[in-house]
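I wanted to go through this structure slowly and keep a record of each thing I looked up. These are my notes, in the order in which I made them.

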Amino acid sequence: MKKSTVLILLVIFFGSIIIVGIFGMQAVPFEQRIYVREIVPTSVYCTYKGIDSGIELEIKDDEQGKYVMTTYEEGLTILIMTQVEPENSTVRTLKLSILNNTPENPIAEIGERGEIIFLRCASLHVRYSATDSATGPKLDMWIYVSKPKEK
Amino acid sequence: MKKHIAIFIALIVMATVLLPSLSSCQKKTVESIEVMNPVIEYLIDDTIDYDKLMIKVTYTDKTTEEKTVKQLKAKVEKADLSKVGNASYTVTYGGKSCTVNIRVTERKTPSLKEVNTLEAVDAKVRYAVNETIDYDNIVLSVTYSDGTSDTDTVRALGATVKTYADVSKAGKTYYEIVLNNKTLRVDITVVEGSVESASIIAVAWPRFYEDYLNASVRASDSPEGEADFRLTEQPYEVGNANKFLYRPQGTVIQADGRKHIELQTYAEVAVKDTSEGEYRVLSDEESANFVTVDHNSYKFTESAAGKYVRLKISIDETYYDLSAFESESDKYRMVEFVVIDKGYNVYDQIGLSVMSDLEKQVYSEIWKCDVYLPNEEYVDAEGKQIVVGDNEVKLVPREDSLRLAADDKYLCEYVDNISTVILHDSIILDADLMPSQFFWTEFDKDDWKLTGDRYQETFESLAGFPEAQKAIVGSLRDGYNNVSDNDGAESARSYMRLIDTNYTQVGEYSYPSGYAIELNIHLNMQKGIFSTKKVDVSGNYNSITAPERGQRSDEYGRVLESYADYEPAMTEDPVSHWALFQMLQSRIEGDEMQKFEIKNIALKGNNSYFNDSSESYFHQAGLMLCNNYAKDISFTNVNADSFYTNISGDNYGDYSYIAEGDSEKFHSGEGAETDNATLTLSSTKFYDAYSNMIFLWRSHAVIENSELKRSGGPLFIMSDADHACNHVADKNFTDEGGPSITVDTKSKLESFATGNESWYKIFQASSIVSSLGSIMTPPLLSVGKTFYKKNEQKTDAINVIAVMICAPDLILDGGNPDSADKLLDVRGGFTQVDDEGKIINDFKMHNKTLTDFRTMVLKTGMNATSFAPIIQSGNSFSFVTPPDMSEGAPNEKDYVLSELTVLSGLVGGKMFKTFDNAKLDAWKQGATDKLCLYLSVGPITQAPWAPYVGIITDLYDIQ
């Protein structure tokens, strides 16, 4: 092997030690955990029995939180689209719960796609919870449902 | 006379001329008028009483007034009601007009047919006292005997009022309407106050109980996630020290949004003695002796303590229109709980502070009461002179003292008189609601008496970290229990500054520092935001959250971070000594010591599970969860993440010394072998600590059915913390006197480390992790084992579960500098048991194998300057020969003991094996999934009777 080759190899070898020593190696956690900070509703749709496309509902907001309003008809189903921040949160799955269901006469149930299927005419309090921490953020929403106007 | 008459007439003329002018000067300009609540439908030939029309006048100065047409003397252009169709009338006042469009309809000829049924349609059934009933416009539905039917107003149908309701007083009453042969009776309720006539569309039941129902239940087919509590359906708890507030709100939808009103309710009370029993509804008389109900608040008596209660809370429909509710089940809630004797119900952070019975001096600022120290005198409310006892701190309320909505007395009067704080809401901590004494201020920078010196020490300890130096003011004062002059109780005093809301000093006084006065015990630097000698914490599945690191308070810019040790050992060690809770030992009576429990609560700190070592200083500045000096404390069903260290279990010696107030004996370590503290984690989940999950200064920890994952350093540091470190062979120390852990097989313990994490770098432990790998890999390979695990990125890491050490400073200092022999010895043990209590792994720092082997090693004259790990898994022991054995290949007979088998090693740079397959198999048979390495961090000759450090990790089969 040429002397120059050996020299270059030594320079690279010791140089890398110095560089790594100065700048360090980025320590990535063995199990990265970036927590969800906020859950934001982006849109709410409702459908009824026999109607294919969803009707978008306006998300209203006041100091007590967010809510939407609609009227009840058979097959009323609500779908709430949400966004999790930051986008690179490690666990992005959310849990959807109905807070004011009465066991003996439930107001609604949750479908397989996370849609809220109303079983009767009553207003509903739902919650989306982050599943990465017991103290994670929550999004509470009220769905106010009124009786249909008599024809 | 003529003159007098003339003057009189002149005055009259002046008055008639001037006064109108004056009044017209004062008269406001009308901007607009409107008729209030106009009727817009009339029958033909009806009459309108225009004089009684109510007009709202708005003036240009934006004031308004409401008066009748008659009062205003307004002009009216009347409507023509003689023809069917549209008509209108116009009211004019102050140059402004208002026209009301009306409809004139045909007057029905009242039918004389026989009436079969007569009903009121949507008739109002609730009226306020003296409210007018508009009988003419009550809508009736009638069916006639000929089969025809009609729906119209009383007036239109020609019905008449037979009986008028009496609305002059509250209560039940009725009115009667007659149409032809039929009489209709309508029952109504007259109530005091206003009646919400709008329809309630929803009831927002108190969120905290709905949260509990949501958090405490998990579907049987739903796997438990990290966010879930381990134990479900734990009973809700309510205290009887103050009121339980349960305030449902009704939602009314209006044109401009929704309105919430607190609803009137009534409750049915049912009780049972045990959780399994049947509820029995109490009579009114029984209820009165059990609970006082008043405007959605429930105050339970002493006789309710320990009972299981069910409240059926129903909306009082007499006040509201609930026609929007189709189901009766939407109009009431069942709330079930157990009553805790002397439990204090907490709804916010101020209420939580009542548990701080050891920080009365500083919290008096928040509670707004006077505080008197031992032997001080004060005058009580009855004018009596009172002298405060020894070891007593007295709180005395004054006129402006704080009293919360749920309380019957001043908040300070609950301190020392409660057993438990019980949360009924989640709390995000606010530094502005904490005593100002907790924080560094600009005053401290001015070298003000003793605290000035302390600030300077803190500042200097952060040399090289200018960002941290800038952050001192407004941060938690570390070590403020201590004073620089600490030569006895009398001279060791802290000065407390009294600061008003303008952040101006208004006074000062001093108190014995470094002492928990009522416990008469000297404290070290550890501090708690909430510090108690007797109060438990019951969360009801609620949470307490520390604001994120760097998040400053609104008013004073304070942060819940602490940037420096009071006595910096090294600039890389700025460990915060502040915890959310601090529990200190007290005696109940006789030999009975206080036990503590924290349960059913989620807790979040302000440390990130971070590995950027350039910011390590800040990551160490956050809160711990609990600093424990108690002999017996349990964490049950707690879910916590993001603390610096979760629990510091501090135990030096016999706890009876604390109860006797003899802190010297306690801190001496005397009696520690027989009276160690016990810290129990049961069904508890801890995640993402920056440092460790539990730091045990001696103490025992029992871990049951729990999950501890992702700490930046070892999960447990078990420190045998005798700083004198004079453990010599003749002192007969036992491992039971040191720190120890007993863990069951249900618990999951994980803290995977590569050694590059910032915690390892700061505490100079990186090389240990990497060295372990290089030394242990070949020997473990020979038995088909490894302690490495790979993540998705194929990075190798070791699960560093526990490290058993002497005081960490002494490891880094290389021994006790005061001891000529520089002795380093460690007591302690880690035991794993199965469900039946059978021991699976029992790693003790002193055992016969270790003692015998090390003595034998010394006889060979081996120069063990590097690691010489002895390993144990289950009942299998092994020794890894160090690489620098220069005496030739070891004679197997010298090393083989009944329990010990040499695996492999390096001799002269070459691998060798000195064992046979039978011994290999025997080792594998006795091994488990846990491994303990006993290894020295210094020359083996310095501590011939025991190794220095025990490291516990997982052991896996190589796939």
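I began with B:Ser642, which is found in the loop between strand E45 (632-641) and strand E46 (647-650) of chain B; helices (H or I, at least four residues) and strands (E, at least two) are DSSP runs, numbered from the N terminus. B:Ser642 has a positive phi of about 70° although it is not a glycine. I noted beside this that most residues other than glycine have a negative phi, and most peptide bonds are trans. Is B:Ser642 buried or exposed? B:Ser642 is buried, since 27 other C-beta atoms lie within 10 Å; a residue counts as buried with 20 or more other C-beta atoms within 10 Å of its own, as exposed with 12 or fewer, and as partly exposed in between, the C-beta atoms being placed from the backbone.

Before going on I wrote down the ground rules. This is a predicted model, in which local features need pLDDT of at least 70 and side-chain atom pairs count only at pLDDT 80 or more, while totals for chains, interfaces and linings use all residues. Residues are numbered from 1 along each chain as its sequence is written, and chains are lettered from A and ligands numbered from 1 in the order in which they are written.

I then looked at B:Glu233, which also has a positive phi, of about 55°, although it is not a glycine. B:Glu233 sits in the loop between helix H4 and strand E16 (237-239) of chain B, and it is exposed, with 10 other C-beta atoms within 10 Å.

Strand E24 (residues 308-315) of chain B pairs with E26(B) in the antiparallel sense over seven bridges, and B:Lys312 has B:Met334 in E26(B) as its bridge partner.

I compared this with another open sheet, which has three strands in the order E8-E10-E11 (chain B) and antiparallel pairing. Strand E8 (115-120) and strand E11 (149-153) of chain B stand at the edges with a single partner strand each, so one side of each is left without a neighbour in the sheet. E8(B) pairs with strand E10 (residues 139-144) of chain B in the antiparallel sense over five bridges, and B:Ala120 stands opposite B:Leu140 in E10(B).

Next I checked helix H7 (residues 360-367) of chain B, in which the buried residues are B:Lys360, B:Tyr363, B:Ser364, B:Ile366 and B:Trp367. They cover an arc of only 160° around the axis, which puts them on the same side of H7(B); the arc is that of the directions from the helix axis to the C-beta atoms. Just after H7(B), B:Lys368 takes a positive phi of about 60°.

I also asked how the two chains meet. I found 39 residues of chain B in contact with 35 residues of chain A, a contact being two residues whose C-beta atoms, placed from the backbone, lie within 7 Å. Among the elements of chain B that each supply at least two residues of the side touching chain A are helix H4 (207-215), strand E39 (536-545) and strand E45 (632-641).

For chain A I noted an average pLDDT of 84, with 79% of the residues scoring at least 70; pLDDT is the predictor's confidence in each residue, from 0 to 100. Over residues 18-26 of chain A pLDDT stays under 50, and the model has two contacts beyond four places in sequence for them. Where pLDDT is low, the predicted coordinates should not be read in detail. My last entry is that the peptide bond from A:Glu85 to A:Pro86 is cis, with omega near 0°, and that A:Pro86 lies in the loop between strand E5 (77-85) and strand E6 (94-98) of chain A.

Definitions and conventions: Pairing = 2+ DSSP bridges.
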